[in-house]
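Subject: Structure for your files

Hello,

Here is the structure I said I would send. My notes on it follow below.

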Amino acid sequence: MQATDNTSGRAMYWGTGRRKSAVARVRLVPGTGQLIVNGRPGDLYFQFNPNYLGGIKAPLETLGLENEYDILVKAEGGGLTGQANSIRLGVARALCQLDPDNRSPLKVEGYLTRDPRAKERKKYGLHKARKAPQYSKR
């Protein structure tokens with residue numbers, strides 16, 4: 001769904017990404033390629049880790065749009081890895097709103113697949129999900 005910013009009239013594209021317990025609400029706005037996460041620059045938020053930043057901008061690089069859109073994100077829950085992966089999914093979904101033809105190249109690269117892995121619940125009688133108390137024969 002394309003929306004317009006009330007203050008400047010610019011087109012915005014939305015995408016939501018999830019990974020483990022992290023949720024990222026992503027807006028793509030025409031700009032210069034900045035990444036803003038929770039009001040802070042992306043390189044400060046992700047502690048200068050190039051792996052996180054490279055993964056987030058990978059869908060834009062696949063389409064050759066890395067310097068044409070700013071990424072504005074509200075990320076909640078999880079850790080930095082989960083948030084980075086959820087932002088990447090949100091960016092890819094927003095790019096599909098931008099142009100439906102973007103879907104096939106993003107799908108081939110695997111950017112539109114939600115990672116279903118999550119923490120397994122703890123079971124009663126066990127210390128963790130699978131860790132059992134020490135066994136003693138007597």
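The side chain of Arg19 makes a polar contact with the side chain of Asp115, at 3.3 Å. Please keep in mind that this is a predicted model. Arg19 is found in strand β2, and it counts as buried because its relative accessibility is 9%, under the 20% cut-off. Leaving aside neighbours within four places in sequence, the residues in contact with Arg19 are Gly82, Asn85, Ser86, Arg114, Asp115 and Arg117.

Next, the strands. β2 covers residues 11-19 and β3 covers residues 22-30; the two pair in the antiparallel sense over 7 bridges. Within that pairing, Gly15 stands opposite Val26 in β3. On the other pairing of β3, strand β6 (residues 69-76) also runs antiparallel to it, joined by 8 bridges. There, Arg25 has Lys74 of β6 as its bridge partner.

The hairpin of β2 and β3 has 2 residues between the strands. Most residues other than glycine have a negative phi. Lys20 is found in the loop between β2 and β3, and it counts as exposed because its relative accessible area is 53%, with the cut-off at over 50%.

Asn38 is another non-glycine residue with a positive phi, near 50 degrees. Asn38 lies in the loop between β4 and β5, the latter being residues 40-41. At 34% relative accessibility, Asn38 counts as partly exposed.

On the aromatic side, there are 2 aromatic pairs. Tyr45 and Phe46 form an edge-to-face pair, with 5.1 Å centre to centre and 80 degrees between the planes. Phe46 and Tyr52 form a tilted pair, at 5.6 Å centre to centre and 50 degrees between the planes. These ring pairs link Tyr45, Phe46 and Tyr52 into a cluster. As for burial, Tyr45 counts as buried at 12% relative accessibility, Phe46 counts as buried at 0%, and Tyr52 is buried as well.

Phe46 also comes up in the core. The largest nonpolar core has 28 residues, and those with the most contacts inside it are Val37, Phe46, Ile71, Val73 and Ile87. At least two residues of this core come from each of β2, β3, β4 (35-37), α2 (50-63), β6 and α3. Which element gives the largest share of this core? That is α3, with 7 residues.

Helix α3 spans residues 80-98, which is 19 residues, and reaches 27 Å from its first C-alpha to its last, close to the 27 Å expected at 1.5 Å a residue. Buried residues of α3 include Gly82, Ser86, Ile87, Leu89 and Val91. Leaving aside neighbours within four places in sequence, Ile87 is in contact with Ala24, Val26, Val37, Phe46, Ile56 and Val73. Gly82 and Ser86 are both buried in α3 and both in contact with Arg19.

Regards

Definitions and conventions. Residues are numbered from 1 along each chain as its sequence is written. This is a predicted model: local features need pLDDT of at least 70, side-chain atom pairs count only at pLDDT 80 or more; totals for chains, interfaces and linings use all residues. Side-chain values use heavy atoms; hydrogens and water are left out. Two strands pair if DSSP finds at least two bridges between them. Helices (H or I, at least four residues) and strands (E, at least two) are DSSP runs, numbered from the N terminus. Rings of Phe, Tyr and Trp (its six-membered ring) pair if their centres lie within 6.5 Å; planes under 30 degrees apart count as stacked, over 60 as edge-to-face and the rest as tilted. Buried means under 20% relative accessible area, exposed over 50%, partly exposed in between (1.4 Å probe, protein chains only). The expected span of a helix is 1.5 Å times one less than its number of residues. A nonpolar core is a set of buried Ala, Val, Leu, Ile, Met, Phe, Trp, Tyr and Cys residues joined through side-chain atoms within 4.5 Å. Contact means heavy atoms within 4.5 Å. A polar contact is a pair of N or O atoms within 3.5 Å; within protein, one must be able to donate a hydrogen and the other to accept it, and residues adjacent in sequence count only if both atoms are side-chain atoms.
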